[in-house]
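Take a look at the chain below, and then we'll walk through it in questions and answers.

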Amino acid sequence: MHVIYFCSIFNRILVFLAVFDNIFLFCSILEGIRKNFGPLHQIAHVYAFAYFLYQLQSMAIVSSIFTTVVLALERCLAVAKPIEYHNAIQGTNPWRRVIHYIVPVIVISITFTTPKYFEIDVVDLERKVQS
């Protein structure tokens, strides 16, 4: 049953959507902990947020949005032109079609969120005041 269920291109794209959404939720939970309870490990969490988690969270939400658009496109093709869609997916590896959808989503999300890497910088106020 599991093999038949995941053979669908739609279901495989849904898995990627769930992965992107879970990455976003994980980063949001860590951000909530940082804002409400202070950083988990004072310096490490601040640097991880500033140089990795903030950008990853933005990339995940953009990827999630574009993956939803890809799902709509895939369903539109399957419903609007069922014969052409069936012929297009027959005999091809379903992962190849999924990768042709997901790779551009990831590339566009990285390109779209590249400026986020330059928005945040960590400044140690104690060292700045003492000098």
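Getting to know the chain

Tyr101 is found in helix H5. Keep in mind that this is a predicted model.

Q: Is Tyr101 buried or exposed?
A: The cut-off for buried is under 20% relative accessible area. Tyr101 comes in at 13% relative accessibility, so the residue counts as buried.

Q: Which residues is Tyr101 in contact with, leaving aside its neighbours within four places in sequence?
A: Contact here means heavy atoms within 4.5 Å. With the neighbours within four places in sequence set aside, the list for Tyr101 is Ile13, Val70, Leu73, Glu74 and Leu77.

Q: How many residues make up the largest nonpolar core?
A: Tyr101 is one of its members, and others include Ile9, Phe20, Val70 and Val105. Helix H2 (9-37), H3 and H5 each supply at least two residues of this core.

Q: How many residues are in the second, separate core?
A: Its members include Cys27, Leu30, Phe49 and Leu53.

Q: Is Phe20 buried or exposed?
A: Not counting residues up to four places away in sequence, Phe20 touches Ala60, Ser63, Ser64, Thr67, Ile102, Val105 and Ile106. Buried means under 20% relative accessible area. Phe20 has 9%, so the answer is buried.

Q: How far apart in space are Phe20 and Ile61, C-alpha to C-alpha?
A: In sequence, Phe20 and Ile61 are 41 residues apart. Going C-alpha to C-alpha, they are 7.1 Å apart.

Q: Which helix supplies the largest share of the nonpolar patch on the surface?
A: The patch is formed by Ile61, Ile65, Phe66, Val69, Ile108 and Phe112, with about 540 Å² of accessible area together. Helix H3 (42-80) and helix H5 (94-113) each supply at least two of its residues. The largest share, four residues, comes from H3.

Q: What is the relative accessible area of Ile108?
A: Ile108 has its place in helix H5 and is part of the nonpolar patch. Partly exposed covers the range between buried, under 20%, and exposed, over 50%. Ile108 is partly exposed, as its relative accessible area is 42%.

Q: Which residue forms a salt bridge with Glu74?
A: By the rule used, there are two salt bridges in the count. In the one with Glu74, the closest N and O atoms are 3.6 Å apart. Glu74 lies in helix H3 and its partner in helix H5, so the pair ties together parts that are 23 residues apart in sequence. That partner is Arg97.

Q: What is the relative accessibility of Glu74?
A: Glu74 is also in contact with Tyr101. Glu74 counts as buried, because its relative accessibility is 0%.

Q: How far apart are the closest N and O atoms in the salt bridge of Lys116 with Glu119?
A: Lys116 is partly exposed, with a relative accessible area of 24%. Glu119 counts as partly exposed too, at 47% relative accessibility. Their closest N and O atoms are apart by 3.9 Å.

Q: How do we describe the aromatic pair of Tyr47 and Tyr51, and what is the angle between the planes?
A: Being four residues apart in helix H3, Tyr47 and Tyr51 are separated by about one helical turn. Tyr47 counts as partly exposed at 39% relative accessibility, and Tyr51 is partly exposed at 38%. Planes under 30 degrees apart count as stacked. This pair is stacked, with 5.9 Å centre to centre and an angle between the planes of 25 degrees.

Q: How many helices does the chain have?
A: From the N terminus on, the elements run α-α-α-α-α-α. With zero strands, the secondary structure comes to six helices.

Q: What percentage of the residues count as buried?
A: The accessible surface of the chain is about 9200 Å², of which 70% belongs to carbon and sulfur atoms. The chain has 131 residues, and the part that counts as buried is 27%.

How values were computed: Residues numbered from 1 in each chain as written. Predicted model: local features only at pLDDT ≥ 70, side-chain atom pairs only at ≥ 80, totals over all residues. Heavy atoms only, no water. Patch = residues over 30% accessible without salt bridge, like charges linked within 9 Å, V, L, I, M, F, W, Y side chains within 5 Å. Areas by Shrake-Rupley, 256 points an atom, 1.4 Å probe, with all protein chains shown as cover. Salt bridge = Lys/Arg side-chain N within 4 Å of Asp/Glu carboxyl O. Buried < 20%, exposed > 50% of the residue type's maximum accessible area, 1.4 Å probe, protein only. Core = buried A, V, L, I, M, F, W, Y, C linked by side-chain atoms within 4.5 Å. Phe/Tyr/Trp six-rings, centres within 6.5 Å; stacked < 30°, edge-to-face > 60°.
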